[in-house]
Amino acid sequence: MSTGAGVDVSPDHYIGGMRVPSAERFSDRSPIDGTLLAEVARGGQREVDLAVRSAAAAFPEWAALGAAGRAPYLHRLADLIDANVERLATVECLDMAMLERSLRARVIGRGARNYRSYADLAAGYEERVWESNGTRNRVIRMPPGPAAVITPWNAPFMLSTWKTAPALAAGCTVILKPAEWSPLSCSLLVDLAGEAGLPAGVFNVVQGIGEEAGAALVSHPGVRRVSFTGSPETGRLIGTAAAGNLAPFTAELGGKGPLIVFEDADVEAAAKKAAGQYDDAGQVCLAGTRLLVAESIRDDFLERFHRHTDAHVLGDPRADDTTVSPLIHPDHLARVEGFVERAREHGDRIVRGGRRAELGGLYYEPTRSEPRGNDSEVVQREVFGPVLTLQTFASEDEAVELANSTAYGLSAIVYTGSSERAERVGRSVRAGTVWVNTFLVRDLTAPFGGMGISGIGREGGDYALDFYSDLKTLQIVEGSTA
Ligand code: NAD
């Protein structure tokens with residue numbers, strides 16, 4: 001099919017190296033203007049069975065190549081991603097409304113870097129070897145079999161590469177189920193995998209609805225790893241299904257990150273970054289959505305924060321001056337509205353925004369609330385929209401206590417001019433990643449994941465490669481039968 005922008009994308013599954021249709025279809029519309037982009041194949045048990053069989057059939061040969069033998073395939077895929085940035089950015093922007101210029105400039109390219117980095121990292125693995133009790137011990141990575149990968153609708157391309165790159169590099173074959181609200185860029189990705197020469201069945205995509213195709217995939221007994229990114233609610237269901245087959249499971253889940261600004265911080269930089277949390281309409285798991293500001297600098301911070309917020313331009317994510325895009329789906333807009341309405345009823349002060357934008361469509365105004373208390377729902381639950389809360393603190397201890405007062409623990413942002421405080425607070429805040437005086441900068445080899453209800457397990461570097469491997473201990477006593 002051809003999307004509104006004239007880019008060809010198949011709406012069908014990709015199983016065993018071939019396009020496979022389904023009789024049932026679901027409609028995929030652009031959040032930008034509601035244009036129908038595709039009638040996408042709606043997979044179920046039949047398609048999942050087929051895909052797992054294909055992945056199992058392709059597994060022995062792919063595993064036998066070894067990491068060094070698999071690396072050239074993944075490098076070719078990375079090169080093809082780089083050569084297709086325009087096409088991928090166009091489709092991703094139409095399908096989930098991320099700003100097209102960020103997609104072009106960095107997001108799509110990160111997908112290519114994921115395949116390159118993991119190919120090289122896996123190929124460079126040095127088996128741990130040591131002597132003890134007269135025997136030589138070695139730790140070997142063995143690919144376990146087909147891996148199921150389930151991704152969310154925000155940043156679907158980048159997140160799919162982030163998960164499938166270590167899986168493929170470690171020697172798993174893959175069945176990817178993208179989210180039903182943004183299924184198209186993964187369809188292009190798997191075309192590129194075919195073009196890169198990945199053998200049939202190594203990388204499969206089953207399209208469909210979470211409760212149908214997704215549920216069938218994660219409970220399939222032929223799957224030996226389950227990797228999920230999405231909400232904690234779905235994470236619980238998927239973890240339970242994976243446990244039924246004793247398939248190891250990793251989950252990157254939602255966040256409710258604090259953005260803490262101390263009185264010794266560069267307040268201008270902090271206020272600018274705080275207003276930047278509205279980027280992508282706040283549909284970012286790592287966003288610092290709870291602004292925690294030292295009482296003594298509250299007014300100064302707010303004056304600057306509102307100036308930067310005023311500078312935001314809501315609009316079409318394809319336009320160069322847009323900074324805030326529409327929400328993904330009418331159901332999601334209703335969900336965000338529900339949070340704000342309940343906050344009002346609870347007695348929170350909605351200080352800015354708090355309504356749909358005049359632009360119409362799925363646009364929602366950047367919103368700031370001053371919650372009545374720390375138990376307010378918008379403080380305690382992820383909204384996943386352009387809604388920030390502001391609370392103040394009188395001491396460092398109180399800031400840390402507030403930061404750690406939700407069930408989440410994905411990320412935190414801290415602004416301070418003191419390196420001692422950076423170290424202290426960085427260690428005390430309960431989050432998988434803490435950024436001090438910066439945001440979203442990340443080394444791919446560092447561990448990434450959440451604490452509390454923000455996730456189980458770690459991705460990134462060797463942590464991901466270990467997850468997609470069975471670690472074996474091999475002990476050999478040369479020439480002895482004892
Ligand atoms: P979601 O949990 O609704 O869906 C995620 C995926 O799970 C989709 O592909 C969906 O089809 C599938 N799914 C739904 N029910 C299923 C089931 N019963 N069995 C198997 N699969 C099922 O999440 P979403 O709304 O797509 O994404 C937003 C959430 O993702 C937010 O909570 C956000 O914070 C989180 N997220 C986390 C990270 C991270 O790295 N921690 C990154 C991006 C998004």
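1. Residues E295, D397, E398 and E401 form a negative surface patch. Such patches take residues with over 30% relative accessible area and no salt bridge, like charges being joined within 9 Å. Asp and Glu count as negative, Lys and Arg as positive, while His and the chain ends are not counted. The place of a charge is CG for Asp, CD for Glu, NZ for Lys and CZ for Arg. E398 is partly exposed, at 31% relative accessibility. Buried stands for under 20% relative accessible area, exposed for over 50%, and partly exposed for what lies in between (1.4 Å probe, protein chains only). The areas come from the Shrake-Rupley method.

2. On the basis of the coordinates: this is a predicted model, in which local features need pLDDT of at least 70 and side-chain atom pairs count only at pLDDT 80 or more, whereas totals for chains, interfaces and linings use all residues. Residues are numbered from 1 along each chain as its sequence is written, and side-chain values use heavy atoms, with hydrogens and water left out.

3. There are zero disulfides in the structure, a disulfide being a pair of cysteine sulfur atoms within 2.5 Å. For C172, the closest cysteine sulfur is that of C186, 18 Å away and too far for a bond. C172 is buried, at 0% relative accessibility, while C285 is partly exposed at 24%.

4. The salt bridges number 34, each a side-chain nitrogen of Lys or Arg within 4 Å of a carboxyl oxygen of Asp or Glu. In one of them, R116 pairs with D82, with 2.8 Å between the closest N and O atoms. This pair links distant parts of the chain, as R116 is in helix α4 (residues 100-123) and D82 in helix α2 (residues 66-83), 34 residues apart. R116 is partly exposed at 23%, and D82 is partly exposed at 37%.

5. Helix α4 also holds both E100 and R104, four residues apart, about one turn of the helix. Their salt bridge has its closest N and O atoms 2.9 Å apart. E100 is buried at 7% relative accessible area, but R104 is partly exposed at 35%.

6. D264 and R421 form a salt bridge at 3.0 Å between the closest N and O atoms. D264 sits in the loop between β12 (257-261) and α9 (267-275), and R421 in helix α14 (residues 419-428), 157 residues apart. D264 is partly exposed at 31%; R421 is buried at 11%. Through shared partners, salt bridges join E263, D264, E396, R421 and R424 into one network.

Conventions
Patch = residues over 30% accessible without salt bridge, like charges linked within 9 Å, V, L, I, M, F, W, Y side chains within 5 Å. Areas by Shrake-Rupley, 256 points an atom, 1.4 Å probe, with all protein chains shown as cover. Helix = DSSP H or I, 4+ residues; strand = E, 2+ residues; numbered from the N terminus.
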